[in-house]
Amino acid sequence: MEWEYAVGLVSAALAVGVGAGLALARVRRSGDTAEPRPGEGSAAIEPDEDRPAGKNGLKGLGRKSLDSLRVGVVVLDADDYPVLVNPAARAMGLLRSGGAPGTIAAHPILRTLAGQVRRTGVRREVELDLPRGRAGGAQAPLGLHLRAVALNSTHVAVEAADVTESHRLARVRRDFVANVSHELKTPIGALQLLAEALLDATQLPETSPEAQSEDLLAARRFADRIHHESARMGRLVNELLELSRLQGAEPLPHPEPVSLDWVIAEVIDRTRTTSSAKGIEITYDGPKGAMAYGNDSQIATAVTNLVENAIAYSGEDTKVSLAMRQSDDWIEIDVADQGIGIAPQDVDRIFERFYRADQARSRSTGGTGLGLAIVKHIATNHGGRVDVTSSLGDGSTFTLRLPARPPESPSPSPTAIEIESGVAGR
């Protein structure tokens, strides 16, 4: 991507244009040059125009490089004051009017990211939508990918890339899937009812086997197949709607304490019929009274999907084990089976939508290929993760990790989705 290439230029330009002389300064509202704050004795950033040209004639190259980028760049000092801003950042609306007349300030989300980087020393990256224009206006929000990196112990550089178009396309895709899935629910429901009626109409007589004609047997077989496939299509539509909601079509509910005793009991109850049909025993080993933070129905859905997946890929008369581990910060729920296992080349892809490690087994079990994708999105939305360890023939163990602490008090910045964290400077 163009903005990723520009990130390298940003680092080089900052090294040339800003250098080691970063200090408290003020950016003039009418231009991009920095000047000392009144009444402060600290040295200001030395403008590139005041540097010697050198034998290669590179005078002002750092500043010109920053100004030419389509990626917005803002450098904040220890007081979160913008000491360096390029035109792209101004065009994105990353600056606000300051408290005093004629002054400027960085957007609240930039100050929040800078504070997190200073406290942890860790690079922060988020994607979010910022409203443009007046509240309630018709203008679409501005999609931004923000990356905050520490330059030293006080100054933080924030890079902003415009991803509005990709966000718009993602919203269109989610809306399309949700709308189509919703419209399909009615005809699929009618198809299931008709299939059940056809099954009743083709009920085979038990007293006179000779009356079972070939036409009646074929009609019965086709009706049974129609009923099976319509039920599978109904599950697929419901899971598509669930996945669409998890991906942002609907706002996430506010995290609340969730009793994991209730979650485990609910999961065992939901999967009792399926496990009994195959003679599979479901066991649980873990502490009582454990609590996680999030949405109870979503957590129950995630664990249920893991258990149903374990049952589908396990043989008859085996065992599926649920276990729980608790620490100060995290709750980990393990779902282990004695099934066929997962090949190494498939482990990294099983959480993709519609991906099936065993196509033949998935067709026979009626799987949709969306169950594990739903688990992944639920874990991500709760600030956790899901992992798997497996080998062919030795079963699999899925681990769902959830927060055991209440979330921190929300910041005044817009809602953001964290996509990556790493050590500052990498």
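What follows is a set of questions and answers about a predicted model.

Reader: Before we start, which pLDDT do local features need here?
Author: Since this is a predicted model, side-chain atom pairs count only at pLDDT 80 or more, totals for chains, interfaces and linings use all residues, and local features need pLDDT of at least 70. Residues are numbered from 1 along each chain as its sequence is written, and side-chain values use heavy atoms, with hydrogens and water left out.

Reader: In what order do the strands of the five-stranded open sheet come?
Author: Strands are DSSP runs of E, at least two residues long, and helices are runs of H or I, at least four, numbered from the N terminus. Two strands pair if DSSP finds at least two bridges between them. The pairing in this open sheet is mixed, and the order is β11-β13-β14-β16-β15.

Reader: Which strands stand at the edges?
Author: An edge strand has a single partner, so one side of it is left without a neighbour in the sheet.

Reader: How many bridges join β14 to β16?
Author: The two run antiparallel, β14 covering residues 330-336 and β16 residues 396-403. The number of bridges joining the strands is seven.

Reader: What angle does helix α8 make with β16?
Author: Helix α8 (residues 296-312) packs on the sheet and touches β11, β13, β14 and β16, where contact means heavy atoms within 4.5 Å. Axes are lines fitted to C-alpha atoms, for helices over the stretch in contact, and angles run from 0 to 180 degrees between N-to-C directions. For α8 and β16 the angle is about 175°.

Reader: Which salt bridge partner does arginine 401 have, and where is it?
Author: A salt bridge here is a side-chain nitrogen of Lys or Arg within 4 Å of a carboxyl oxygen of Asp or Glu. Arginine 401 sits in β16 and its partner 69 residues away in the chain, at 3.7 Å from N to O. That partner is glutamate 332, in strand β14.

Reader: Is aspartate 334 buried or exposed?
Author: Buried means under 20% relative accessible area, exposed over 50%, and partly exposed in between (1.4 Å probe, protein chains only). Aspartate 334 meets arginine 325 in a salt bridge at 2.2 Å, N to O, and arginine 325 is partly exposed at 40%. Aspartate 334, with a relative accessible area of 11%, is buried.

Reader: What is the relative accessible area of glutamate 159?
Author: Glutamate 159 in strand β9 (residues 156-162) and arginine 147 in strand β8 (residues 142-150) are twelve residues apart, and their closest N and O atoms are 3.3 Å apart in a salt bridge. Arginine 147 is buried, with a relative accessible area of 10%. Glutamate 159 is buried too, at 5%.

Reader: Which residues are linked in a network with that pair?
Author: Side chains of opposite charge can pair when their charged atoms come close. The count for this model comes to 14 salt bridges. The network is made of Arg123, Glu125, Arg147 and Glu159.

Reader: Which residue in the hairpin of β3 and β4 takes a positive phi?
Author: β3 (residues 72-76) and β4 (residues 82-85) pair in the antiparallel sense over three bridges, and leucine 76 stands opposite proline 82. Five residues lie between the strands, and the one with a positive phi, near 60°, is aspartate 80.

Reader: Which residues does leucine 370 touch?
Author: Leucine 370 lies in the loop between α10 (359-365) and α11 (371-381), and at 0% relative accessibility it counts as buried. Its C-alpha atom is 7.6 Å from that of leucine 240, although the two are 130 residues apart along the chain. Leaving out residues up to four places away in sequence, it touches Leu236, Glu239, Leu240, Leu243, Arg353 and Phe354.

Reader: Which residues of α11 are buried, and which glycine follows the helix?
Author: The buried ones are Gly371, Leu372, Ala373, Ile374, Val375, Ile378 and Ala379. After α11 comes a residue with a positive phi, near 80°: glycine 383.
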